[in-house]
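Notebook open, model loaded. I want to go through the helices, then the sheet, then the ligand.

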Amino acid sequence: MIANLINQLDNISSEADKEISSVNSLAQLNELHTKFLGRKGLVAKLMGAMRDLQPEDKPKLGQKANEVKSLITGILEKKEAELQANEDSEKIKKDKIDVSLPGTSQKTGGIHPLTQTINEIIDIFVQLGFAVEEGREIEDEWHTFDALNIPKSHPARDVQDTFFVKSSQEIDSSDNQNVLRTHTSPVQIRVMQNSTPPLKFIAPGRVYRNETIDASHYSMFHQVEGLYVNENVTFAELKGTLLSWAHAYYGPDVDLRFRPSYFPFTEPSAEVDVTCTMCAGKGCSVCKQTGWVEILGAGMVHPNVFKSVGYDPEKVSGFAFGMGPERIAMLKHRINDIRLFYENDTRFLKQFV
Ligand code: PHE
């Protein structure tokens, strides 16, 4: 009996040796510890036979069991050290920082070049004491045209130039249809209707024209409108205001040139040129050798405009202007195609970040 038990212990010992040597994780090793040496492990189970042994055989079994236990413990410990070392070096390998890898760049957002331009224009006028107003992009014909002294017969009102907005299935047959505003001047009307003079504001925003799209025309673009209404406003104040703005925006060396022009809502009216900043007024391809580039339209508010909002043209006067930020940005950055602003090509846009 005792010989058989000792034999079994030897078998357990060699089985343990075999199994432990093929293990490759600490978790598996732990399982084998339990299997062979645990409280209910193979060695412990065999010791249950102790009760049935002759007294003189008991120490023999005990001694053999201790030998086997320490043998297996030794194998387990050796294996554990081995596995632990492996795991450590794996971890070190995984955590290693490869400083030779090329950097991955983070893409940053940026403000659209046109928005930058509009913001710069606005900031200067705010410093000159102008408030900032907003109108609506879907306007009615009255605010867009009639109130601005643009008669029904005016070519600007034609469907050629104006996008009409269908109010239902059919285009409204009334004589005050909705349109996409073709300029920001209706904001003049909206603000004057809702307040009393004096008032002084700019109105930046989108405008829409039914135009054939090419390098210098787009069906949607921006304007910055300006209006100042008070008693005894003079053309000299218009000139001074615009010149102050131009010096702040372009620098002190530029000049402005006022050319007589015509707008139904201002009288007198002017188209205003700024010194070409490409050639400092000497003449180049950008200014077509004139030394000047046109950037805005302006004039003294027409009495009929005041009448349409209930202001007395005998008591108040004012000036108005409208500038094109696309054109200003194109000249400033030498951009030769207006469509670039609206194509969202990041190769273009990222040059302005
Ligand atoms: N509304 C005019 C346009 O769109 C510009 C302008 C505004 C001219 C104010 C004079 C005064 O062309």
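**Helix packing**

I started with α1 and α4: their axes come within 10 Å and cross at roughly 0 degrees. Axes here are lines fitted to C-alpha atoms, for helices over the stretch in contact, and angles run from 0 to 180 degrees between N-to-C directions. Helices (H or I, at least four residues) and strands (E, at least two) are DSSP runs, numbered from the N terminus. α1 and α4 are therefore roughly parallel to each other; angles under 35 degrees count as roughly parallel, over 145 as roughly antiparallel, 65 to 115 as roughly perpendicular and the rest as oblique.

I then listed who touches whom, with contact meaning heavy atoms within 4.5 Å. On α1 the residues include Ile2, Leu5, Leu9, Ile12 and Ala16, and on α4 they include Leu61, Val68, Ile72 and Leu76. By class I get 14 nonpolar, two polar and five charged residues for α1 with α4. Ala, Val, Leu, Ile, Met, Phe, Trp, Tyr, Cys and Pro count as nonpolar, Asp, Glu, Lys and Arg as charged, and the others, Gly among them, as polar.

Note on provenance: this is a predicted model, where local features need pLDDT of at least 70, side-chain atom pairs count only at pLDDT 80 or more, and totals for chains, interfaces and linings use all residues. Residues are numbered from 1 along each chain as its sequence is written, and side-chain values use heavy atoms, with hydrogens and water left out.

Next I looked up α1 (residues 2-21) against α2 (residues 26-37): the axes come within 11 Å and cross at roughly 175 degrees. That pair is therefore roughly antiparallel. Ile12, Glu15, Ala16, Glu19 and Ile20 of α1 meet Leu29, Leu32, Lys35 and Phe36 of α2. The tally for α1 with α2 is six nonpolar, no polar and three charged residues.

Last pair: α2 and α4 (residues 58-95) pack at about 170 degrees, axes 10 Å apart. So α2 and α4 are roughly antiparallel too. Among the residues of α2 in this contact are Leu26, His33 and Leu37, facing residues of α4 that include Thr73, Glu80 and Leu83. I get seven nonpolar, three polar and four charged residues for α2 with α4.

**The sheet**

What is the strand order of the open sheet? I read β1-β5-β6-β10-β9-β8-β7, seven strands with mixed pairing. Strands pair if DSSP finds at least two bridges between them. β1 (131-132) and β7 (256-263) are the edge strands, each pairing on one side only.

I checked β7 and β8 (residues 266-275): they run antiparallel and are joined by seven bridges. Their hairpin goes through two residues, and Phe263 has Thr266 of β8 as its bridge partner.

Helix α5 (residues 113-127) lies across β1, β5, β6 and β10, at about 165 degrees to β5. Helix α7 (residues 186-194) also packs on the sheet, touching β5, β6 and β10, and its direction makes about 140 degrees with that of β5.

**The ligand**

I counted 13 residues around the ligand, the closest being His183, Ser185, Arg209, Gln223 and Phe265; a residue is near if one of its heavy atoms lies within 4 Å. An N or O atom in the His183 side chain is 3.0 Å from a ligand nitrogen. For Arg209, a side-chain N or O atom sits 3.0 Å from a ligand oxygen. Gln223 puts a polar side-chain atom 2.9 Å from an oxygen of the ligand.

Methods: Polar contact = N/O pair within 3.5 Å; in protein donor to acceptor, adjacent residues only side chain to side chain.
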